[in-house]
Amino acid sequence: MRDYKKYTQANRDAWNEAMPYHQKSNVDKWDLAFSEKNFSVIKEPELSLIDSMDIQGQSIAHVCCNNGVELMSLKNMGAGECVGFDISDEAIQEAQGRADKMGIDCTFVQTDVYEISEKYHGSFDIVYISIGCLGWMPAIQRFFGKVAALLNENGELFIHESHPFSEMLPSDDLEDMDPMKIIEPYFKQDPYVDNDGIDYVGKTTYKSKTMYWFVWTLSDILMGIIENGMKVRHFSEYPDDISTLHGKNQETGPDIPLSYILIAEKE
Ligand SMILES: C[S@@+](CC[C@H](N)C(=O)[O-])C[C@H]1O[C@@H](n2cnc3c(N)ncnc32)[C@H](O)[C@@H]1O
């Protein structure tokens, strides 16, 4: 088994380094947005599916919550107890600071997902995961084991993520390349090791701390969910780029799967 801590600690450092770049571009924007009563960033196609889950009063855990804007939106939409978990100290500080300032009742906890305290086990009606979480995970089975542990009986897992298919294609910054050319394997055992920074918000380029990104196939994801005692009840694919890396694939077509939504229920 991988020494997963080596990877998650490196990614923690890289995210702590990245957050001030993000904040430079979006702190004021989010402060202003959340000063509006009941502001929400949740949009279609996610919105209809979230609505269909009837989140009123439901307890929600957001795993990899970053600066908390999605969880605060879910709270504004009527959710009950809301707890966000993220490994980045800087992200959690921003999230809790804004929630407190705006009087939005969310709790944000700095922790590696794999080490979320057992006191949270069986506590949530919904575990919510959005774009850019699964790829940071060095062990996907173990990750979904933790997700299942957080859910209460009949609790539901909601994922809106980038599609593993897109991992094979060049990202937008590879300017001279045909965006439809397959340049990477679908089945990739080792992580990508990267020092190119993660400021997809302000697009600052910088030489960053080393970080690790793991490619999980659809079968890795589905079997990770199924083998941890959850039943998939919804799966839909979309030609929409939610990663900010594959805008060209979305714009120039042909339509290919760039994102998906999955809902599973703990049995
Ligand atoms: C791309 S961001 C998620 C962004 C979020 N969906 C949003 O749009 O704001 C990925 C987040 O995963 C967190 N992360 C990475 N590895 C983690 C781990 N092992 N445990 C908890 N959080 C982790 C990072 O700190 C980062 O905040």
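A cavity here is a set of grid points where a 1.4 Å probe fits but cannot get out. I worked from a predicted model.

**Entry 1, cavities.** Rolling a probe the size of a water molecule over the atoms shows where empty space is left. How many cavities of 30 Å³ or more are there? The count comes to 1. I noted a volume of about 110 Å³ for the largest cavity. Its lining is made up of 13 residues. Leu134, Gly135, Ser162, Glu167 and Trp216 are the ones that lie nearest the centre of the largest cavity. I sorted the lining by residue class and got 8 nonpolar, 3 polar and 2 charged.

**Entry 2, strand β5.** I turned to β5, residues 151-162. Of its 12 residues, 10 are buried, and I wrote the strand down as mostly covered. I then looked up its partners. With β4 (residues 124-130), β5 pairs in the parallel sense over 6 bridges. In that pairing I found Phe124 opposite Leu151 in β5. With β9, the sense is antiparallel, over 7 bridges. Here Glu156 stands opposite Glu265 in β9.

Strand β9 runs over residues 259-266. I noted Glu237 opposite Tyr260 in β9.

**Entry 4, helix α5.** Helix α5 covers residues 140-150. I listed its buried residues: Ile140, Phe143, Phe144, Lys146, Val147, Ala148 and Leu150. An α-helix has 3.6 residues a turn, so residues three or four places apart point the same way. I looked up what covers the buried residues of α5 and found that the cover includes β1, β4, β5, α6 (218-226), β8 and β9.

A disulfide is a covalent bond between the sulfur atoms of two cysteines. I searched the whole structure and found 0 disulfides. Cys65 is buried, at a relative accessible area of 1%. Cys82 is in no disulfide either; the nearest cysteine sulfur, that of Cys106, is 4.6 Å away. The cut-off for a disulfide is 2.5 Å between sulfur atoms. I recorded Cys82 as buried, because its relative accessibility is 2%.

I placed Cys106 in the loop between α4 (89-102) and β3 (107-110). Is Cys106 buried or exposed? Cys106 is buried, with a relative accessible area of 3%. Leaving aside neighbours within four places in sequence, I found Cys106 in contact with Leu71, Met72, Lys75, Cys82, Gln96 and Ala99. I also took the C-alpha separation between Cys106 and Ile116, 10 residues apart along the chain, and got 17 Å.

My last stop was Gly57, in the loop between α2 (46-52) and β1 (60-63). Gly57 counts as exposed because its relative accessibility is 55%. Gly57 and Gly68 are 11 residues apart along the chain, and I have their C-alpha atoms separated by 18 Å.

Conventions: Residues are numbered from 1 along each chain as its sequence is written. This is a predicted model: local features need pLDDT of at least 70, side-chain atom pairs count only at pLDDT 80 or more; totals for chains, interfaces and linings use all residues. Side-chain values use heavy atoms; hydrogens and water are left out. Buried means under 20% relative accessible area, exposed over 50%, partly exposed in between (1.4 Å probe, protein chains only). Two strands pair if DSSP finds at least two bridges between them. On a 1 Å grid over the protein atoms alone, a cavity is a set of points where a 1.4 Å probe fits but cannot get out, and a pocket is an open set with protein on both sides within 12 Å along at least five of seven lines; lining residues have an atom within 4 Å of a point. Grid points are joined across faces, edges and corners, and a volume is the space filled by probe spheres set on the points. Ala, Val, Leu, Ile, Met, Phe, Trp, Tyr, Cys and Pro count as nonpolar, Asp, Glu, Lys and Arg as charged, and the others, Gly among them, as polar. Contact means heavy atoms within 4.5 Å.
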